[in-house]
Amino acid sequence: MNATTPAGTGTGTGTIDLLSATLAKAKAEDRAALVAYLPAGFPTVDGGIEAVKAVIAGGADIVEIGLPHSDPVLDGPVIQTADDIALRGGVKIADVMRTVREAHAATGVPVLVMTYWNPIDRYGVERFTAELAAAGGAGCILPDLPVQESALWREHAEKQGLATVFVVAPSSKDARLATITAAGSGFVYAASLMGVTGTRESVGNQAQDLVTRTRATTDLPVCVGLGVSNAVQAKQVAVFADGVIVGSAFVKLLLDAPDLPAGLAGVRALAAELAEGVRRS
């Protein structure tokens, strides 16, 4: 599926249409969408599901569920720590699907999976896309899948009604951006800087330049992630992006909390602050 293919042309039960409608609704309200990231299985599978519900209750429009990986090359120390806890807890792909299913069923919010390619490759592309669609998933963010090697994935994702979200970086040349955005669907994930996930003091000018260059190649919404951790930064990014992606700040609250109820209260409160921040007025 490319940027000119109508969303939802597949026969599966995936919710790419809901994802597109959610981003369009935020745009119509003159704000950016708040996209929250949390890993499945952290601090436990049940606790992770409750954390997703908490960020949505706080105001997140869209949720990304991380599939914990032993070598998460894009993720900084906070998410690596959470992934390690989830993996030591025995999290499986079935638990990721359950997290998607229960979070979407309870809230009606579009839920994507963010994963490296290796687990999908081992699990089987057809099986993974079918199960994700059946769970009510909206799509996948695939940070390490090269576009030129993505045809099999995109074929099955489109059939199942799932978005294929690729990641672009400040180092991406304009021609490369055009290639990536033509192959993607749902939205484009713009990494605000070169490096790994984590909270930072500021989100650099590179992000705005990247969004401008990306928009020149596609009509897809462009959502910015890496480094956003508070309402001030969210407001800065919301001025030029269609969506603001926040992950490490939520995960850190859960890591630092004395217990799960305190962690859930913390992520809900942060989501509420960020939801105010993405409103541009």
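## Basis of the description

Buried denotes a relative accessible area under 20%, exposed one over 50%, and partly exposed a value in between, computed with a 1.4 Å probe on protein chains only. By this scale D30 is partly exposed, because its relative accessible area is 48%.

The model is predicted: local features need pLDDT of at least 70, side-chain atom pairs count only at pLDDT 80 or more, and totals for chains, interfaces and linings use all residues. Residues are numbered from 1 along each chain as its sequence is written, and side-chain values use heavy atoms, with hydrogens and water left out. Helices (H or I, at least four residues) and strands (E, at least two) are DSSP runs, numbered from the N terminus.

## Backbone features in the loops

D30 is placed in the loop between α1 and β1. This residue has a positive phi of about 55 degrees, although it is not a glycine. For context, most residues other than glycine have a negative phi, and most peptide bonds are trans.

## Helix α4 and its surroundings

Helix α4 covers residues 93-107, 15 residues in total, and reaches 21 Å from its first C-alpha to its last. This is close to the expected 21 Å, where the expected span is 1.5 Å times one less than the number of residues. After the helix comes G108, with a positive phi near 75 degrees.

Which residues of α4 are buried? They are I93, D95, V96, M97, T99, V100, A103 and H104. These residues pack against α1 (16-28), α2 (45-58), β2 (62-66), β3 (111-114), α5 (117-123) and α6 (125-134), contact meaning heavy atoms within 4.5 Å.

## Strand β3 and its partners

Two strands pair if DSSP finds at least two bridges between them. Strands β2 and β3 run parallel and are joined by four bridges, with E64 opposite L112 in β3. Three bridges pair β3 with strand β4 (residues 139-141), also in the parallel sense, and here V113 stands opposite C140 in β4.

From β3, V111 and V113 point one way, whereas L112 and M114 point the other way; all are buried.

## Aromatic pairs

Rings of Phe, Tyr and Trp (its six-membered ring) pair if their centres lie within 6.5 Å; planes under 30 degrees apart count as stacked, over 60 as edge-to-face and the rest as tilted. A search of the whole structure finds three aromatic pairs. The rings of W117 and W153 have centres 6.1 Å apart and planes at 90 degrees, so this pair is edge-to-face. W117 lies in helix α5 and W153 in helix α7 (residues 151-160), so the pair ties together parts that are 36 residues apart in sequence. Both W117 and W153 are buried.

Y123 and F128 form another edge-to-face pair, at 6.1 Å centre to centre and 85 degrees between the planes. Y123 counts as buried because its relative accessibility is 17%, and F128 is buried with a relative accessible area of 0%. W117, Y123, F128 and W153 form one aromatic cluster.
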